[in-house]
Amino acid sequence: MSGHISRRQVIKSLAVAGAAIALPAASYSRVLGANDRLRVGSVGTGGKGWSDLNGVAASPAVEVTALCDIDSSEPHLGRAAEKYSNAKTYTDWRKLLDNANAVDGVIVSTPDFMHAPVSLAAMQLGKHVFCQKPLTHTVFESRQMKEAAKRNKVVTQMGNQIQSHTAYRTAVALVHADKIGKVKEVHSWQAGTPSWPRNIERPAGEDPVPKTVAWNLWQGVAPRRPYKSDIYHPFNWRGWQDYGTGQLGDFGCHILDPVFKSLELTAPLQLTAEAPPLKAETWTESATVRYIFPGTQYTAGDTIHVTWYDAVGVRPPAEVTAHLPKSYSLPNAGSVLIGEKGTLVIPHVAMPKFFPNGADTEAAIEEVLSVDHYVQWADAARGEAETTSAFDYSGPLTETVLLGTVGIRFPGQTLKWNAQEMKIPNFSAAEPWLTKSYAAGWEPTWV
Ligand SMILES: NC(=O)c1ccc[n+]([C@@H]2O[C@H](COP(=O)([O-])OP(=O)(O)OC[C@H]3O[C@@H](n4cnc5c(N)ncnc54)[C@H](O)[C@@H]3O)[C@@H](O)[C@H]2O)c1
């Protein structure tokens, strides 16, 4: 691929990652106290970025000083610039960071493939970062995000906001309180129908780029391709391998989050995916990924099996629902944790249901209240709180999710995972997919 650093070249850098000299970034950042306002810049102000921006700005201690979007139209930069009219506006996030003294923290709400490039650059300037899920586009980038946050001593939060909702917080508390006993197996699924394109070939031809869109900047680190209306920007990039992470990447960091958090999972030992063959450029319409993790204090054995299913209308099989009352139907998306004392269902954004062994009805549960995922980040950056999805947590969660997307490329092949070395020792042919090529001039500065 001309103009690109090859996948092999980047892989070589895995071996030397950590040896590079990092900027003395922390020296660039202001140390904020309780009486200081957090000056925030937002990159990607449309779509989810609009609610991220408003969520963070809900803190009275936040001042929005910079806004960046490659699309100047109303639902993207337009309405954000109107609402936060004192903020300086940008089309190119690199220019926003050139003026880094104007911000203490950066919200990154771009499509997945630009999360790491923007966030790494911001952290290397000592900026606190709130970054959308999945944290990154590749496994290697997730590891880099975790390392960069640690090295630069910045406050980070991934935008898996449901973690802070009463539903997921209550589920995690139930497991930690030993209500369901040690967990023997987990099944997580997303049976919904995505509205974005999957399993298609690239459409022929080219459409005129709208005057409001900076298409080259949108493509950023990705290989260049012609603009097509309603195929990539906005929202539909999810189904394309160069930009998104498919259904597992889109939902895994939400649905697997209470599983990770409650069981204190880290890196899987291995995974095996089942999926139809991939088209050249898009993600598949279905996948099952069977992970095996080391056991923890909350699991029943030396290992714990966690299975992910994404296919329209597909929920976990009968041997799983056999643990539940016959009258109960599984929701469209969520997780089932089969414990020694009973079975916990964690619907995707609804209160959990716990069915003790042999019971026909759910048990009463003690509700844990929601906290504000956005304001928590702003408060933590001012030294007043701690974030619960900091990159030392959300990095390994995203690594696991994205390892699953590597597995989808090799259906039926078990991939053993050496997390420390970032190696797949039994099947090195998959290792190049732990990273990717970057457009010339757009290579991130690695930690
Ligand atoms: N946490 C959640 O519940 C949730 C929900 C939806 C989306 N998301 C995540 O939010 C991110 C954005 O998703 P979306 O659905 O809003 O996508 P989108 O394409 O609808 O919106 C992205 C916005 O970023 C802008 N943008 C794109 N590239 C940019 C760049 N290089 N610099 C500046 N601005 C840029 C776009 O113009 C647009 O305004 C994704 O990572 C997605 O996974 C999270």
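**Group meeting: a walk through the predicted model**

N199 is found in the loop between β7 and α8, and it has a positive phi of about 55° although it is not a glycine. Elements carry numbers from the N terminus and are DSSP runs, with helices (H or I) of at least four residues and strands (E) of at least two.

Residues are numbered from 1 along each chain as its sequence is written, and side-chain values use heavy atoms, with hydrogens and water left out.

D178 also has a positive phi, near 65°, in a residue other than glycine. D178 is placed in the loop between α7 (166–176) and β7, and with a relative accessibility of 38% D178 counts as partly exposed.

Two cis peptide bonds deserve a look on the screen. One joins K133 and P134, with omega at about -20°, and P134 lies in the loop between β5 (128–131) and α6 (139–152). Another joins H233 and P234, with omega at about -10°, and P234 belongs to the loop between α8 and α9.

Now to the annotation, where UniProt positions follow the numbering used here, feature names are shortened, and entries may be inferred rather than shown by experiment. UniProt, in an unreviewed entry, lists a "Gfo/Idh/MocA-like oxidoreductase N-terminal" domain at residues 38–159; that span is 41% helix and 22% strand, with its end C-alpha atoms 18 Å apart. The unreviewed entry also places a "Gfo/Idh/MocA-like oxidoreductase bacterial type C-terminal" domain at residues 206–287, a span that is 27% helix and 7% strand and whose end C-alpha atoms lie 31 Å apart.

How are the aromatic rings arranged? Rings of Phe, Tyr and Trp (its six-membered ring) pair if their centres lie within 6.5 Å, with planes under 30 degrees apart called stacked, over 60 edge-to-face and the rest tilted. By this rule there are 17 aromatic pairs. In one of them, F113 and Y243, the ring centres are 5.0 Å apart and the planes meet at 45°, so the pair is tilted. F113 sits in the loop between β4 (105–108) and α5 (115–124) and Y243 in the loop between α8 (215–219) and α9 (246–255), which puts the partners 130 residues apart and links distant parts of the chain. F113 is buried at a relative accessible area of 0%, and Y243 is likewise buried, at 0%.

The rings of Y328 and F355 also form a tilted pair, because their centres are 5.0 Å apart and their planes stand at 55°. Y328 is in the loop between α11 (318–321) and β11 (333–339) and F355 is in strand β13 (residues 353–356), so parts 27 residues apart in sequence are tied together. Y328 is buried at 19%, and F355 is buried at 4%.

Returning to F113 and Y243, ring pairs link both of them with W215, W218, Y227, Y232 and W240 into a cluster. Helix α9 is mostly covered, with nine of its ten residues buried, among them L248, C253 and I255.

What surrounds the ligand? There are 29 residues around the ligand, of which K48, D69, H76, D112 and H115 come nearest, a residue being counted if one of its heavy atoms lies within 4 Å. A polar side-chain atom of D112 lies 2.8 Å from a ligand oxygen atom, while a backbone N or O atom of T110 lies 3.3 Å from an oxygen atom of the ligand.

Finally, T212, in the loop between β7 (183–190) and α8, is partly exposed at 29%. T212 and S72 are 140 residues apart in sequence, with their C-alpha atoms 5.1 Å apart in space.

Methods:
Predicted model: local features only at pLDDT ≥ 70, side-chain atom pairs only at ≥ 80, totals over all residues. Buried < 20%, exposed > 50% of the residue type's maximum accessible area, 1.4 Å probe, protein only. Polar contact = N/O pair within 3.5 Å; in protein donor to acceptor, adjacent residues only side chain to side chain.
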